[in-house]
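This report describes the architecture of a single protein chain for a reader working from its coordinates.

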Amino acid sequence: MYFSNKIVLITGASSGIGKALALELARQQAKLILVARRAEVLAEVQAECLQYTQHCQLLCFDLKNSELIPAKAAEALTLFGGLDVLINNAGVSQRSLVTETAAEVDRDIMEINFFSTVYMTKALLPHFVKQGHGHIIVMSSMAGLMGFPMRSAYSAAKHALHGFFETFQTEQPVKDLHTLIVCPGRINTPISLSALTGSGEKHGKMDDGQKNGIPADKCAQIILRAAEKKKKLIKIAKEEKILLAIKRVLPNLFYKIAHNAGMKQ
Ligand SMILES: NC(=O)c1ccc[n+]([C@@H]2O[C@H](COP(=O)([O-])OP(=O)(O)OC[C@H]3O[C@@H](n4cnc5c(N)ncnc54)[C@H](OP(=O)(O)O)[C@@H]3O)[C@@H](O)[C@H]2O)c1
């Protein structure tokens, strides 16, 4: 098994795709470091993981607290004596129009979805460079490849990840340091519950798109297989792939379809 004995840090491991990745990696006997804010929920994920792997440690903190990141990254490196894979997965979605979203909410969404990923990566890069190998997985979205109603800051943050990490892939500081950018469409997770509204409140609803989305465990398995194959970018989506193709070929039609689909939510 490819991830057997590899030391893997997953941000946003208390729920959804991050939790599914943790469980799949535990089954492959990886050594896990799980990051999220909710200590009790994360401890439940840890208990599930420990049914499969003997090694699972927790780091509970708020990734928006960027000044904590260097110390937490340094602590992560001591837990099992190194790191092989960093999975930057934590994120928060959005459910509000541009016209109704407070600027602080835009900044908040950028902070968790973009800056925390950049800061975690930079805090751990010296380790990867010195070690001469490693793997960084970055969770973008199909909204990182096209805009969609009610996702302005979220889509902007995900687009920003592409600019940053595609550049990083071209720089390739170490031959054996691989970076995978993941673009899921709708996945069946509780992400819409914690999505932010224009005033920064939680949306609090399980949207149909999420309910009928691709199962999180299937998404996790596809991500790990792509990492194993050293892919640089993958899309895990259904209709969203068709919409992206329409955007490329018939852009005017794309705006109409996205408007009609997105404004109904
Ligand atoms: N589900 C989808 O349809 C979908 C589609 C495209 C992309 N994605 C991306 O996939 C990733 C995972 O999403 P998901 O669907 O699994 O969502 P989820 O079930 O809501 O999980 C989000 C995770 O992020 C953590 N998190 C959020 N804010 C945090 C913070 N400030 N500090 C530390 N941890 C934080 C949450 O933990 P705590 O609340 O315990 O901190 C939770 O573990 C996200 O980057 C998302 O944008 C999801």
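Gly-16, Ile-17, Gly-18, Ala-20, Leu-21, Ala-22, Leu-23, Glu-24, Leu-25 and Ala-26 are the buried residues of helix H1. The model under discussion is a predicted one. Because 10 of the 12 residues of H1 are buried, the helix is largely enclosed by the rest of the structure. H1 covers residues 16–27 and spans 17 Å from its first C-alpha to its last, close to the 16 Å expected at 1.5 Å a residue. After H1 comes Gln-29, with a positive phi near 65 degrees.

H1 also belongs to a right-handed β-α-β unit, together with strands S1 and S2. Strand S1 (residues 7–11) is likewise largely enclosed by the rest of the structure, since five of its five residues are buried. Ile-7, Leu-9 and Thr-11 point one way from S1, while Val-8 and Ile-10 point the other way.

## The sheet

The strand order of the open sheet is S3-S2-S1-S4-S5-S6-S9, seven strands with parallel pairing. Strand S3 (56–60) and strand S9 (233–236) stand at the edges with a single partner strand each, so one side of each has no neighbour in the sheet. On average, neighbouring strands are turned by 15 degrees against each other, direction ignored.

| Strand pair | Sense | Bridges |
|---|---|---|
| S1 and S2 (residues 31–36) | parallel | five bridges |
| S1 and S4 | parallel | three bridges |
| S4 (residues 85–88) and S5 (residues 133–139) | parallel | four bridges |

Val-8 has Leu-32 of S2 as its bridge partner. Leu-9 stands opposite Leu-86 in S4, and Leu-86 in turn stands opposite Ile-136 in S5.

## Helix H8 against the sheet

Helix H8 (residues 216–228) packs on the sheet, where it touches S5, strand S6 (176–184) and S9. The direction of H8 makes about 160 degrees with that of S9.

Ala-226 is one of the residues of H8. Its relative accessibility is 5%, under the 20% cut-off, and Ala-226 therefore counts as buried. Leaving aside residues up to four places away in sequence, Ala-226 touches Leu-180, Lys-231 and Ile-234. Gly-204 lies 22 residues from Ala-226 along the chain, and their C-alpha atoms are separated by 32 Å.

## The H9–H10 pair

How are helices H9 and H10 placed relative to each other? Helix H9 (residues 239–249) and H10 pack at an angle of about 140 degrees, and their axes are 5 Å apart. The two helices are therefore oblique to each other. H9 contributes Leu-243, Ile-246, Lys-247, Arg-248 and Val-249 to the contact, and H10 contributes Pro-251, Leu-253, Phe-254 and Ile-257.

Leu-253 lies in helix H10, which comprises residues 251–263. Because its relative accessibility is 36%, Leu-253 counts as partly exposed. Leu-253 and Leu-243 are 10 residues apart in sequence, and the distance between their C-alpha atoms is 9.4 Å. Both residues take part in the contact between H9 and H10.

Note on methods:
Residues numbered from 1 in each chain as written. Predicted model: local features only at pLDDT ≥ 70, side-chain atom pairs only at ≥ 80, totals over all residues. Heavy atoms only, no water. Pairing = 2+ DSSP bridges. Axes fitted to C-alpha atoms, helices over the stretch in contact; angles between N-to-C directions. Contact = heavy atoms within 4.5 Å. Buried < 20%, exposed > 50% of the residue type's maximum accessible area, 1.4 Å probe, protein only. Expected span 1.5 Å × (residues − 1). Right-handed = clockwise from strand over helix to strand, strands pointing away. Parallel < 35°, antiparallel > 145°, perpendicular 65-115°, else oblique.
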